[in-house]
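Reader: I would like to go through the labels used for this structure and hear what each one rests on. Please begin with the helix.

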Amino acid sequence: MNTLSYKTISANKETVKKEWVVIDASGQVVGRLCSKVAKILRGKYKPSFTPHVDCGDNVIIINAAKVVFSGKKETDKVYTRYTGYPGGQRFNTPAELRKHSYGAERIIRHAVKGMLPKGPLGRSLMNNLKIFDGTEHNMQAQKPKAIDINQYK
């Protein structure tokens with residue numbers, strides 16, 4: 001029976017076809033947006049998905065400052081970080097983070113990071129995510145294609 005082959009094909013670094021995509025985040029709910037972005041970064045929407053390989057696309061998020069939270073999370077949610085010094089635990093709400101120039105980027109990056117695998121693969125996948133507050137980005141050389149994030153489940 002050599003007419004058909006039933007071998008499972010695993011993708012590797014050389015056979016993966018990575019693309020650049022642009023996502024407009026204006027008016028999107030943070031958690032719903034980030035779960036879809038994490039799936040795109042991971043490559044789960046591709047038929048050649050392989051769990052232990054970086055087979056996802058590179059994602060550019062624009063209008064990150066215009067993301068919204070559902071409910072009262074804008075004022076009630078608390079992000080905790082630690083400076084490394086005794087008594088150095090710091091707490092911030094999303095409303096406080098938005099006052100900084102990097103605030104919206106931190107909010108999205110924190111949410112996406114929690115949805116990716118823990119370990120070396122997840123850390124390398126975070127390098128495929130670029131976040132910009134406004135409509136302009138400096139990744140035109142990669143010729144990214146704009147996608148509608150609402151089309152994805």
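Author: Arg-109 and Glu-105 both lie in helix α4, 4 residues apart, which is about one turn of the helix. A helix here is a DSSP run of H or I of at least four residues, a strand a run of E of at least two, both numbered from the N terminus. The model is predicted: local features need pLDDT of at least 70, side-chain atom pairs count only at pLDDT 80 or more, and totals for chains, interfaces and linings use all residues. Residues are numbered from 1 along each chain as its sequence is written, and side-chain values use heavy atoms, with hydrogens and water left out.

Reader: What makes Arg-109 and Glu-105 a salt bridge?

Author: The rule asks for a side-chain nitrogen of Lys or Arg within 4 Å of a carboxyl oxygen of Asp or Glu. The closest N and O atoms of Arg-109 and Glu-105 are 3.3 Å apart, so the pair qualifies.

Reader: Why does Arg-109 count as partly exposed?

Author: Buried means under 20% relative accessible area, exposed over 50%, and partly exposed in between (1.4 Å probe, protein chains only). Arg-109 has 26%, so it is partly exposed. Glu-105, at 29%, is partly exposed too.

Reader: Why is Asn-63 called buried?

Author: Its relative accessibility is 5%, which is under 20%, so Asn-63 is buried. Asn-63 is found in the loop between β2 and α2. Leaving aside neighbours within four places in sequence, its contacts (heavy atoms within 4.5 Å) include Asp-24, Phe-132 and Thr-135.
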